[in-house]
Amino acid sequence: MKKCYNLALIFVGDSDIARWPQHLLPQVLSVSPHDHDSRATCQVTTFHHAENGATMQRLVAQIKRAKKEISSSSFDATVFIACAGENDISTTTSTPSLLDRILEQFESAVRCIFSSTTKKRMFNNPHFIFIGPKVEPWMEQDELNARMCYFQLSESLRSTISKLSSCPTLMNSVDTTRSNSNHSIYFLDSLTLFCGETQNKSVVGGRAIAERKYFQEDGLHLSHDGYEIWKKQVEDILHHDITFGEMGDD
């Protein structure tokens, strides 16, 4: 039995992921393998494929690029950490058809991660942590009604993830031969995560206000304080919510 669990963390998405400072990336010191009575120490390798300005459509290309990069390596599990969708809304007027297209592209990304051929899985023991859209300081002057758009996108992504998580065809496609395989999708709700004391107030009504200390001067991209919050949230999922698959043999 291996004494150390080899874990790949793959970062995909837009500038929120691409700008994530190296020293503030989530840390994983131990994991809970499904075939282990106690936590196992963990060796983490990170891969970065996020791009500034990326839309939801770019996720599939980034995931495929990641597959090519890690194809010669062996990992006990693969965790994707992603954020996208805000650029889709900011570049055009939100409509029901736009939201449907974003969700369709999101589903394509999920299927790309969890799909497999008859004899070969695309990623070993895959997990997907998707970080939802967030209220940002520039929305205080919300002439484009972005608050409503972000709220609708967040709720739609949550619903879609719930649906996909309970889809046996998709989930079982990863590995139907090992009864203790584990694969999962998680939604990190960021909508009012940076709103401080107003985070429990209405987003659509404009009462939930993003605190500027969590953002850079442009009122759009996260500051180090903001990434500290994401770091803790993602680490909580990695340490407490995910039960990883089997450890490989030495």
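The expected span is 1.5 Å times one less than the number of residues in the helix. The model is a predicted one, in which local features need pLDDT of at least 70 and side-chain atom pairs count only at pLDDT 80 or more, while totals for chains, interfaces and linings use all residues. Residues are numbered from 1 along each chain as its sequence is written, and side-chain values use heavy atoms, with hydrogens and water left out.

The chain has 7 helices and 6 strands, where helices (H or I, at least four residues) and strands (E, at least two) are DSSP runs numbered from the N terminus. Along the sequence these elements follow the pattern β-α-β-β-α-β-α-α-β-α-α-β-α. Of the 250 residues, 52% are buried, meaning under 20% relative accessible area, with exposed set at over 50% and partly exposed in between (1.4 Å probe, protein chains only). Among contacts with a separation of 6 or more, 77% join residues 24 or more positions apart; a contact means heavy atoms within 4.5 Å.

The 6 strands form an open sheet with mixed pairing, in the order S2-S3-S1-S4-S5-S6. Strands S2 (30-31) and S6 (184-188) stand at the edges with a single partner strand each, so one side of each has no neighbour in the sheet. Two strands count as paired if DSSP finds at least two bridges between them. Strand S1 (residues 4-13) pairs in the parallel sense with S4 (residues 77-83) over 7 bridges, and also in the parallel sense with S3 (residues 40-48) over 8 bridges. On the S4 side, leucine 7 has alanine 77 as its bridge partner, and valine 12 stands opposite alanine 82. On the S3 side, tyrosine 5 is partnered by cysteine 42. S1 is mostly covered, with 9 of its 10 residues buried.

Back to helix H4 (residues 96-114), which lies across S4, S5 (126-131) and S6 and runs at about 155° to S5. Axes here are lines fitted to C-alpha atoms, for helices over the stretch in contact, and angles run from 0 to 180 degrees between N-to-C directions. Buried residues of H4 include Leu98, Ile102, Phe106, Val110 and Ile113. The largest nonpolar core holds 75 residues, of which Trp20, Phe128 and Phe130 touch the most other members; H4 gives the most to this core, with 10 residues. Such a core is a set of buried Ala, Val, Leu, Ile, Met, Phe, Trp, Tyr and Cys residues joined through side-chain atoms within 4.5 Å. Leaving aside residues up to four places away in sequence, Phe128 touches Phe106, Val110, Ile113 and Phe114, among others, as well as Phe80, Ala82 and Tyr186.

H4 also packs against helix H5 (residues 146-165), at an angle of about 35° and with the axes 11 Å apart. Residues of H4 including Leu99, Leu103 and Arg111 meet residues of H5 including Leu153, Leu157 and Ile161.

Helix H7 (residues 224-241) has 18 residues and reaches 25 Å from first C-alpha to last, close to the 26 Å expected. Among its buried residues are Tyr227, Trp230, Val234 and Leu238. The buried residues of H7 pack against S1, helix H1 (15-18), S4, S5 and S6.
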